[in-house]
Each structure stands twice: as C-alpha cells, then as structure tokens.
Amino acid sequence: MNTLTKFLLTPALLGAMIALQGCAESSGHNDTAAEAGHSDDDGHGHADEGGDDHDDHADEGGDGHDDHDDHADEGGDGHDDHGDEGGDGHDDHGDEVVRLTPKQLKDAGVKIEPLAGGMIATHVTLPAEVGLNQDRVLHVTPRVPGIVTEVHGFLGQDVKEGDLLAVLESPQLGEAKIAFLQAVQAKAIADAELSRQTTISKNTATLLDALREKPELDTLQSQVSGLRIGTNKGRLLSAYARVKAARANYARERELREKGLSTEADLLAAQEAFNSYQAEYYGAFEDIDFTYQLRLLEAQRAARVTSSEVDNAERRLHMLGLSQAQVASITEQPDVEVARYELTASMPGRIVSKHITPGEKVGTEAPVYTLADLSTVWLNISVYTEYAAQIEVGLRVVVHADNRTTTGVVDYVSAIVSESTRTVSARVVIDNSDAAWKPGEFVTARVETQRVRAKRVVPIDAIQTYEGREVVFIQDADGIEPVPVRIGRRNDVSVELLGDAIALGTPIVVRNSFLMKAELGKSAAGHDH
C-alpha cells in the first residue's frame, strides 16, 4: 500500500471507529436499564422500562451529535439498533413461556393443580434396625430333664399352636405319671366305698325307722327283705325277734302266775329274760344307728382325700407342661410311654432358633427352640441425644429401605441413654404380614416431629432451579412460565412458599415440572443460534 492510499484511508478508518464507539456506549446504557427493570419487577413490565430508557438515550444521542449529520445518522442507527434490542429483550421474556397443548401436557405426564394451603411435617431422619417383636417371641424350654428321642421342629419352619416340636424320655415325668395313676386308682376305690356306704346308710335308716314302729315280725320281714344292709340287718332282726319272744313269754308267765298256775320263780325268770333281750336289742339299735352314720362320714372323707390327691397329681403334671388333654389320656397310654414327654408349640410362629438333636440330654435351664410371630416386627430407632427431646410416643414414622416403604407410630421411648452408643432407643411396631421386613436389617426412619399448616404448599417436585433462582411454573393465558419464589419450611414431600406474590388458586405445575425447564432450555438454545 502506497503513502497516498494510506492517507486517503486514514480519515475513513477514524470515522468508522468513532461511530462504533458511539454504538457501544448506547448498547451499554440500554443493557443496564434492562437489568434494572428486570430486577425491580422480577421480569414483568420489562418492555415498558426498556422503552423509557431507549427514549432518554435517543434524546441524549441526538443532542450529542447535532453538528455531525453523518454521525447523527450513525447515532440514529444506534438508536434504531437499541430499539431492536429492546424488542429482542421483550421477545426473550416471551420466550420464557412454554406453550404446549393439553394433549401434549397429558402425554408428558404433566400435572397442574391450583395453589392451595396444606400441612408441612418437619421430620428427623435417624438410623434404625428391624428386630423381632419381643412381645411375640416364645422361648421353648423343657419343663423336665430328659433324653431327646424325636425331633419334629426344624429351623425356619412355620408351626401352629399345639404342633409337636420334639419328644423326650423323662424319668421325672414317668414318676409323676405313676403317682397320678395311683391317685386315680385310690380315688376309684374310695368312690366305690362311698357308694356302698351310702346305700348301706340309706337302707339302715329305713330299717331303723321300721323297727321304731314295733311291727309284727312277719310284717317287718316283708318290709326289709329287699334292703341291702349287711351284718347289721341280721343283728337287729335277731335282737328284735328275741325281744318279741321274751315279751310274749313274760306276758304268759305273768298271766299263769295270776291264775296260780305258775311259780314266782318262773315269772321272775321270764321277766329277767325279757329285760335282758330288750337291753340287748336297744344296745344294738343305738350302736347300728351311730356306726352307720360314722362309716358314711368316713367314706365321704376318704373320697375327698383321694380326690384331692388326684387333683394334686394332675397339677404336678400341668406344672411339668402337660395339657388337660394329655393328662386325661394318661390312663389309656401303654406302660412303655409312661416317661414320654412331648414338647409342643404354645403359640403360632416361625422357628428362628433351634438347639436340640436326637440323643441329646436336655435340661430345664436353657431354651431349645425360639419361636417368633413375624406378622409384626419392631423398629428400634437410635435417637441421637440432640433429637431426644423431639421424639415422643405417638409421632408418625416413615420407614425406608431400598424400594420399600411403610409407616408406623412411636409406641415407646427409652428414658435411658445407651452407654455404648450414646443414643436413646425409640420403638415402632410395624406390620410385616407380607414378610418384607427382615429382623436384623438396617433401615432409615423418618420421624415426623411437627405438623403445621401453611398458606401456600406445593409438592417438592414443583420446585425447579432456573437461571440460578428457585422457581415454580404457573399457567396463565400465555402458557406456562417460571416465577421466582421464596422457600419456607420443607420436607421430603412438600414445600412452603413464602409471601403472596402468587395468588391462591393459581394453576401450578406439580408434577414433571422439570420438563418445563427443559423446554425453556431448548428455546434458549434455538434463540442463541
């Protein structure tokens, strides 16, 4: 390039540089105004504020370049450019609107609900361990020592109440059964004797009543012929017959003496015989009247004693673990089974522990089986001391493990801090009818410590972060657009919105709101290109 060419180009280059500098100043002033307008109204009314700043800047541009028409034209061009930029800014705000048809929203799984109040539950998340429900655990311990002969219950087996678990041979139980059998036999004998004495007593009373009427001997014989009394019957009848004969003989001798046909000696002998037989009869009558009642009382006492012995022998068998049905069947058991002891389940459940094998000698000190009802389990929560004051009985608990979730209520809080873990134990009983929760596994427990009502509550999925701010997406006549919000209390499910910038009842995207954010991202990318 020669010197002339350089000289001719220099003014043109200088003019272009001055024009570019003017445009840069105009653009910088407009961007600042736009930012100020966006800050004041959170992105609303941006076009109006951009227009005001644009007019002021245009006036300043005109005043600054009156003397230079060319430069004024350049300033005018800058002004027009700024107007275009202001329009673009408004269009940018318009681009922050997602316009989808109802069908598109439905197909995308987007859910829109009106903004409303609700409950916010604050919670504490704590570690926990699933354990057996100790109120539904049975340790099966033999009541008598013995040798194991049969094993029927095995680890992991579900059993019902009354199912046979094992069989032992126990000499101690055999002795108790023998004592019971002896008591039963003695009672049977005593009962039979009581029955016999009752019959004798009844018949004796009938005989004595008949004798008190002093009937003729033939009449008496017909009255008492069918009564079973025993030796007393013959004794009384013989004494009564002798009295009757002696009385008749004495009457005849007295009549003969009065006629002078008999001596005084014969009369006295007859009188003496009558008195002797009468005394003998009365003595027998009173003796039998007393003794039959005494023997009845003795038979009744013996029956009561033997009955008590049977009851005591039965109680001892119950103490050794035999049921009422098992005791009742002892009298029918063969002698070889007299020492047989059956270990049964007294509750339904699953065998979770087994310490018994055939041929083993077992005692009464340690359990040989452990049964657990797994339809419910305990959740043992480890509460850190800083949260201990917040945990109390009745609080709702949500339990999480892998893809499993269940709920329960705190029903116990320990008053003692563990020396080893420095935590307080809290307990929840949870339903385990589907066997989803395994004792021994570690889970996460979320304890709801407080439930408060908030004026504006949205699901946590409704909150998105857009351009560095937390927003929700509202639906209006233009479409769906993000609105910045201030977050209050929150949990894993719900979030409280502070302030009243968004009116109650405003449609809010509560599900799949991230799709709205993605749509805005695609729009921004397309605009950049």
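**Aromatic rings and their neighbours**

Let me begin with R404, whose charged end sits over the ring of W437 at 4.8 Å from its centre, where sitting over a ring asks that NZ of Lys or CZ of Arg be within 6 Å of the ring centre and within 35 degrees of the ring normal. R427 likewise has its charged end over a ring, that of W378, 4.1 Å from the ring centre.

A word of care before we go on: this is a predicted model, in which local features need pLDDT of at least 70 and side-chain atom pairs count only at pLDDT 80 or more, while totals for chains, interfaces and linings use all residues. Residues are numbered from 1 along each chain as its sequence is written, and side-chain values use heavy atoms, with hydrogens and water left out.

Now to the aromatic pairs, of which the structure holds 5; rings of Phe, Tyr and Trp (its six-membered ring) pair if their centres lie within 6.5 Å, and planes under 30 degrees apart count as stacked, over 60 as edge-to-face and the rest as tilted. The rings of Y281 and F285 have centres 6.1 Å apart and planes at 55°, so this pair is tilted. Both residues lie in helix α8, residues 264-319, and are 4 residues apart, about one turn of the helix; a helix here is a DSSP run of H or I with at least four residues, numbered from the N terminus. Y281 is buried at 6% relative accessibility, and F285 is buried too, at 12%, buried meaning under 20% relative accessible area, exposed over 50% and partly exposed in between, with a 1.4 Å probe and protein chains only. Together with Y240 and Y282, Y281 and F285 form one aromatic cluster.

Conventions. Helix = DSSP H or I, 4+ residues; strand = E, 2+ residues; numbered from the N terminus.
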